Amino acid sequence: MNHPICGDTPPSTTFPVARPRRLRYNPLVRELVRETELSARDLILPLFVRPGAGVRQEIGSMPGNFQLSPDTLVDEVGAARDLGIKAFILFGIPEFKDATGSSALRDEGIVQQSLRALRKAHGSNVLLITDECFCEYTDHGHCGILCDRGGILDVDNDATLPILAQQCVSHAKAGADVIAPSGMMDGMVRAIRTGLDDAGFQNVPILSYAAKYASGFYGPFREAAESPPSFGDRNTYQMDPANGDEALKEVAIDLAEGADMIMVKPALSYLDIIRRVKERFQVPVAAYNVSGEFAMVKAAAQKGWIDERRVTLEILTSIRRAGSDMILTYHARDVAKWLRAG
């Protein structure tokens, strides 16, 4: 007869021996056994910068977020740093737009100016990430050079790659710590990695928007970045929201081309994608809690329909629980304050 030795007998999983509520009665016990933590160090704050001085113009559909000039951007980053936020991603609104987005490549472009100003003011105490795309810089609002594809205007994938690499090298020279390409061009990571390496920036990592969906949740961002497409949509290069397996394919390709971290965008409607990507690839995963997700919470809170703090923390915790290591979110300032207050 076999006798179980100490430790071999499984714990009972039925009532009344099993009482999961035992670990919920005491708030300190609940805190002790909490599985997922959210902290300011998990957050990346998106910021919008435009030419000028003294500019701090609130974005109507994104309360508490602003279009900033480089000088006020320096102050905004300093205030966020004081809250414990150390990572920032920059989106530029240029002085002029043209068909190829040429202002994105200028040494005195708005993002390049901003990087130098931030680096001078804050040194290595901040992590500066730059969004790499052309929708803000083109007069047509699409993410690259256009071509005629059978009578339909579309982004010319291969013609866009060289200027995308130039943009990234220019940002690295100006002080970017991380390059984050978001245009969903095939081959973009390989082109950028080659460009950075050839320019001597072998140690600058790439955070690729590897699974970026053609989402309806981007509306407020297009006001903030002044980047709505002047015709059509972005369905030929951003992903179909119905597809999950395709996201894994996109991530695998970007990692093979040299991506160091990957992003899923949006976050809240794509928690399953975050989980699948993390479990499959075991690489650092970012999730973008996008403008529409932010705006819905803000609007409902202003109506008094929800508890903004409770709902926001629940949303961001769910994004972390799904598998993301970092979250890009417009809630970052408020969350950092709430977490500090306890």
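1. The model is a predicted one.

2. Lysine 298 pairs with glutamate 308 in a salt bridge, with the closest N and O atoms 2.7 Å apart. Lysine 298 sits in helix 9 and glutamate 308 in helix 10, so the bridge ties together parts that are ten residues apart in sequence. Glutamate 308 counts as buried because its relative accessibility is 19%.

3. Helix 10 runs over residues 308-322, which is 15 residues. From first C-alpha to last, helix 10 reaches 21 Å, close to the 21 Å expected at 1.5 Å a residue. At the start of this helix, a side-chain oxygen of aspartate 307 comes to within 3.2 Å of the backbone nitrogen of arginine 309. After helix 10 comes glycine 323, with a positive phi near 135 degrees.

4. Which residues of helix 10 are buried? They are Glu308, Thr312, Leu313, Ile315, Leu316, Ser318, Ile319 and Ala322. The buried residues of helix 10 pack against several elements, including strand 1, helix 8 (271-281), strand 11 (285-289) and helix 11 (332-341). Helix 9 (291-302) and strand 12 (326-329) are also among their partners.

5. Aspartate 325 and lysine 278 meet through their side chains in a salt bridge, at 2.8 Å from N to O. This pair links distant parts of the chain, 47 residues apart: aspartate 325 is in the loop between helix 10 and strand 12, and lysine 278 is in helix 8. Aspartate 325 is partly exposed, at 30% relative accessibility. Lysine 278 is buried, at 16%.

6. The structure holds 13 salt bridges. One of them joins arginine 119 to aspartate 177, with the closest N and O atoms 2.7 Å apart. Arginine 119 is in helix 3 (residues 110-122), and aspartate 177 is in the loop between helix 4 (157-174) and strand 8 (178-181), so the pair ties together parts 58 residues apart in sequence. Arginine 119 is partly exposed at 22% relative accessible area. Aspartate 177 is partly exposed too, at 24%.

7. Salt bridges also link Arg56, Glu76 and Arg333 in a network.

8. On the surface, Leu23, Leu32 and Val33 form a nonpolar patch. Together these residues have about 310 Å² of accessible area. Valine 33 is in the loop between helix 1 (27-32) and strand 1 (43-49). With 41% relative accessibility, valine 33 counts as partly exposed.

Conventions: Residues numbered from 1 in each chain as written. Predicted model: local features only at pLDDT ≥ 70, side-chain atom pairs only at ≥ 80, totals over all residues. Heavy atoms only, no water. Patch = residues over 30% accessible without salt bridge, like charges linked within 9 Å, V, L, I, M, F, W, Y side chains within 5 Å. Areas by Shrake-Rupley, 256 points an atom, 1.4 Å probe, with all protein chains shown as cover. Salt bridge = Lys/Arg side-chain N within 4 Å of Asp/Glu carboxyl O. Helix = DSSP H or I, 4+ residues; strand = E, 2+ residues; numbered from the N terminus. Buried < 20%, exposed > 50% of the residue type's maximum accessible area, 1.4 Å probe, protein only. Expected span 1.5 Å × (residues − 1). Contact = heavy atoms within 4.5 Å. Polar contact = N/O pair within 3.5 Å; in protein donor to acceptor, adjacent residues only side chain to side chain.
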